[in-house]
Amino acid sequence: MFSATKMVLYATIIPFEIGENIQLTLSQEIIKTLINMTEIIFLFQSLKSKNNFTDEQASYKIITIALGWSLAESLFSNLFYYLMNSMGEEFTWEYIRTAILANLQMIEKMAIIALIQSIQKLMDDKKLYMHLILLIIFKYIFNSFAYNYIPQLNFGGDQWKILLSKIGNTIIFGLLAKKIFKNSNKTEDEIAEEEYLKMKKNK
């Protein structure tokens, strides 16, 4: 539902153009980023809603929500793009890059949902969680502005180098989110085992 709402909001600020080299103004980028960041609220609600997953199955819940989110985003963002260009006479690598980016976005979505799940867990345990919120906000801002306004990441407009950079950044972000999720969502057995090993080491 939110993906459709987001597309409508995008339509009010983004010019109707097809292609990967659409250049937005700074004000449009800021508004687009704010629209994207409202996803956090919807994801919090999705993770809080009743479901059949136990605390030990939090990873399954994350995958389920991420796949649903990614599917909706792909349908609203890429389906018409591919349909409108599928009858073109000339092959272009732009479609391949778009497909790779869609997969990278799915990994990012899983990482963001994992961080939100970690925030909820830390909130329930009354532990510090603000640093994770700042990390998610930084990721949204980075995605919107880094490749357009940081010359070192723009690579003179070379789309393949930008894609490779995005792959690297996505892998790093995914691994970081995985580590944070694992540390903040430990089961009682894992906590007990860690305490036992610490006691054993101290002896």
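Colleague: Which residues form a nonpolar patch on the surface?

Modeller: Leu26, Ile30, Leu34 and Tyr149 do, with about 380 Å² of accessible area together. A patch is built from residues with over 30% relative accessible area and no salt bridge; nonpolar side chains (Val, Leu, Ile, Met, Phe, Trp, Tyr) are joined within 5 Å, like charges within 9 Å. A salt bridge would be a side-chain nitrogen of Lys or Arg within 4 Å of a carboxyl oxygen of Asp or Glu. The areas come from the Shrake-Rupley method with a 1.4 Å probe, and for residues only the protein chains shown count as cover.

Please keep in mind that this is a predicted model: local features need pLDDT of at least 70, side-chain atom pairs count only at pLDDT 80 or more, and totals for chains, interfaces and linings use all residues. Residues are numbered from 1 along each chain as its sequence is written, and side-chain values use heavy atoms, with hydrogens and water left out.

Colleague: Which helix gives the most to the nonpolar patch?

Modeller: Helix H2 (residues 26–37), with three residues. Helices are DSSP runs (H or I, at least four residues), as are strands (E, at least two), numbered from the N terminus. Tyr149 lies in helix H6 (residues 130–149). The chain has nine helices and zero strands.

Colleague: Why does tyrosine 149 count as partly exposed?

Modeller: Because its relative accessibility is 41%; buried means under 20% relative accessible area, exposed over 50%, and partly exposed in between (1.4 Å probe, protein chains only). Of the 203 residues of the chain, 33% count as buried.

Colleague: How many aromatic pairs does a search of the whole structure find?

Modeller: Three. A pair of aromatic rings is described by the distance of the centres and the angle of the planes. Rings of Phe, Tyr and Trp (its six-membered ring) pair if their centres lie within 6.5 Å; planes under 30 degrees apart are stacked, over 60 edge-to-face, and the rest tilted. The rings of Phe138 and Phe142 have centres 5.9 Å apart and planes at 35 degrees, so this pair is tilted. Both residues lie in helix H6, four residues apart, about one turn of the helix. For Phe142 and Tyr147, the centres are 5.8 Å apart and the planes at 75 degrees, so that pair is edge-to-face.
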